[in-house]
Amino acid sequence: MNAAHTDIAILGGGLAGGLVALALARWRPDLSVMLFERETALGGNHVWSFFATDLSPDGEALIAPLVDATWTGYDVHFPAYARTLMTPYRATTSHRLDRALRQALPADAIVTGVQVTDCTATTVTLGDGRNFTAGAVIDARGTHDLSSLTGGWQKFLGQRLKLARPHQLKRPIVMDATVEQVDGYRFVYCLPFARDEVFVEDTYYADDPKLDRDALAQRIAAYARAKGWDVLGVMAEEHGVLPVVAGGDFDRLRATAGHGAALAGARAGLFHPLTSYSLPDALRFALALVRWPGLGVSDLAEFSEKYALNHWNTAWYYRKLTALLFAAAQPGDRYRVMQRFYRLDPRLIERFYAGESSAMDKLRILVGRPPVPIGAALGVLTGLGSQPGLLNPVVVG
Ligand SMILES: Cc1cc2nc3c(=O)[nH]c(=O)nc-3n(C[C@H](O)[C@H](O)[C@H](O)COP(=O)(O)OP(=O)(O)OC[C@H]3O[C@@H](n4cnc5c(N)ncnc54)[C@H](O)[C@@H]3O)c2cc1C
């Protein structure tokens, strides 16, 4: 029997694969698309947040059906001060991504509940023995082997809490670093979804990827008690252990995922080195792809490699900042780096999160008395100081 054929095969129906599929359906309906996901639902189990200023108008339009909540600003709390920033903030959910994809693609274009076991630049093999051919294959199966990177970890447990009474939060708290500083830089993140529903995430910038779920759940409960919230139950829970990148070997990162297919999303290294967030980059990549004149006729793998290399090169500054956070600051003092950062101009902060800092921003972030020992900071910035250790290899998929 002949293998079924599609113009574009997307492996992994998570954030990046899903956004590429939505962008193709919207702007390149002339191309047939197939999306392969090992789980039965698309998108996993996530709340993905972002600042409205991270996105272009086309990016906003593409993500609009995924948005579950919008806020006109957010707060940060540090031991030395609290501040409200009027940058709009948004949250999307996996559930909405699943729904948007099933509306945008024909039913037989989505294959779920079966693992991709092998692929090349133009072929896909599934665990149930089915084979497909494609004009191009895009591998968006999420984080792969991180052994080529150095840095630390951002790890967290998030719970959506149902409360007996309104929480009284006016807007999200993107960082509450007034909590006890343990296991590196610790902060709590709160998204008020409804008057009596709040998503609370206990987060750490840590050297060690080990996540003690029960300890974090207890700290979330303690945080809720301290806020005076009477918790009726946990409606949903998610956790993450994400790489925070201080350095690495781009060629090796690509080679470990190497089977000739184009790469997208976290698998391609398309995320912010310091926040590990990937939504803005996933959107930008999807938009760049559908605008690329060669799509459908030229080598997509080469396009994706050039795109990822450019991202890696332009992100050098954020890797230096990660190194500053992890190597120059003692774990218990890491909060001082963010405390200083959040005193800066709101536009600079917006460009930082979007991964679009200007040359002046880069200088501005570093000038002045550093919140870490000056010798250690200079060592890191000149490349002479101690570097953070290797990320423990994480091999997924
Ligand atoms: C809990 C959590 C919360 C996060 N919150 C944010 C946030 O608020 N904002 C933000 O910008 N970033 C956030 N991130 C970071 C990052 O954006 C996400 O990890 C994002 O999902 C990465 O997108 P991706 O498409 O590369 O990978 P994924 O979304 O993980 O998608 C990969 C998909 O491939 C599938 N897959 C894997 N192997 C196979 C296989 N062999 N065959 C078929 N399918 C396969 C997986 O099941 C998955 O659905 C968060 C991460 C986590 C873990």
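Is Gly-240 buried or exposed? Keep that in mind while you set up the view.

**Before you start**

This is a predicted model: local features need pLDDT of at least 70, side-chain atom pairs count only at pLDDT 80 or more, and totals for chains, interfaces and linings use all residues. Residues are numbered from 1 along each chain as its sequence is written, and side-chain values use heavy atoms, with hydrogens and water left out.

**Stop 1: the whole chain**

Show the protein chain as a cartoon. There are 12 helices and 17 strands. Helices (H or I, at least four residues) and strands (E, at least two) are DSSP runs, numbered from the N terminus. The C-alpha atoms fill a box of roughly 65 × 55 × 35 Å, taken along the principal axes.

A compact globule of 397 residues would have a radius of gyration near 21 Å, and the protein chain agrees, with 21 Å. That radius is taken over C-alpha atoms, and the globule rule is 2.2 Å times the number of residues to the power 0.38.

Now switch to a surface. The protein chain exposes about 16,900 Å², and carbon and sulfur atoms supply 53% of it. Areas come from the Shrake-Rupley method with a 1.4 Å probe; for residues, only the protein chains shown count as cover. Buried residues make up 53% of the 397 residues. Buried means under 20% relative accessible area, exposed means over 50%, and partly exposed lies in between (1.4 Å probe, protein chains only).

**Stop 2: Gly-240**

Select Gly-240 in strand S16 (residues 231-248). Here is the reply to the opening question: Gly-240 is buried, with a relative accessible area of 8%. Leave out residues up to four places away in sequence, and Gly-240 touches Gln-154, Lys-155, Phe-156 and Leu-211. Contact means heavy atoms within 4.5 Å. Next, draw a distance to Thr-40, 200 residues apart from Gly-240 along the chain: the C-alpha atoms are separated by 20 Å.

**Stop 3**

Go to the loop between strand S17 (262-263) and H6, and pick Thr-275. Thr-275 counts as buried, at 9% relative accessibility. Beyond its neighbours within four places in sequence, Thr-275 is in contact with Gln-154, Tyr-205, Phe-352 and Tyr-353.

Ser-276 is in this loop between S17 and H6 too. Ser-276 is buried, with a relative accessible area of 9%. What is the phi of Ser-276? It is positive, about 65°, although Ser-276 is not a glycine. Most residues other than glycine have a negative phi.

**Stop 4: helix H6**

Select residues 279-291. This is helix H6, with 13 residues. From its first C-alpha to its last, H6 reaches 19 Å, close to the 18 Å expected at 1.5 Å a residue. The expected span is 1.5 Å times one less than the number of residues. How many of the 13 residues of H6 are buried? The count is 10, so H6 is largely enclosed by the rest of the structure. Colour the buried ones, among them Leu-279, Phe-285 and Val-290.

**Stop 5: Phe-50**

Phe-50 lies in strand S3. Phe-50 counts as buried, at 2% relative accessibility. Not counting residues up to four places away in sequence, Phe-50 touches several residues, including Ile-63, Tyr-89 and Leu-279. Tyr-277 is 227 residues apart from Phe-50 along the chain, yet their C-alpha atoms are separated by 8.5 Å.

**Stop 6: helix H3 and its cover**

Select helix H3 (residues 94-104), where Ser-94, Leu-97, Asp-98, Ala-100 and Leu-101 are buried. What covers them includes helix H1 (15-27), strand S2 (33-37), strand S3 (47-51), strand S7 (89-93) and strand S8 (110-112).

Stay with S2 and pick Glu-37. Glu-37 is buried, with a relative accessible area of 11%. Its contacts, leaving aside neighbours within four places in sequence, include Gly-12, Leu-42 and Val-111. Glu-37 and Gly-17 are 20 residues apart in sequence and 9.4 Å apart in space, C-alpha to C-alpha.

**Stop 7**

Find Gln-168 in the loop between strand S12 (149-163) and strand S13 (173-176). Gln-168 counts as exposed, at 67% relative accessibility. Its phi is near 75°, a positive value in a residue other than glycine.

Finish at helix H10 (residues 346-354), where the buried residues include Phe-352 and Tyr-353. Gly-355 follows H10, and its phi is positive, near 75°.
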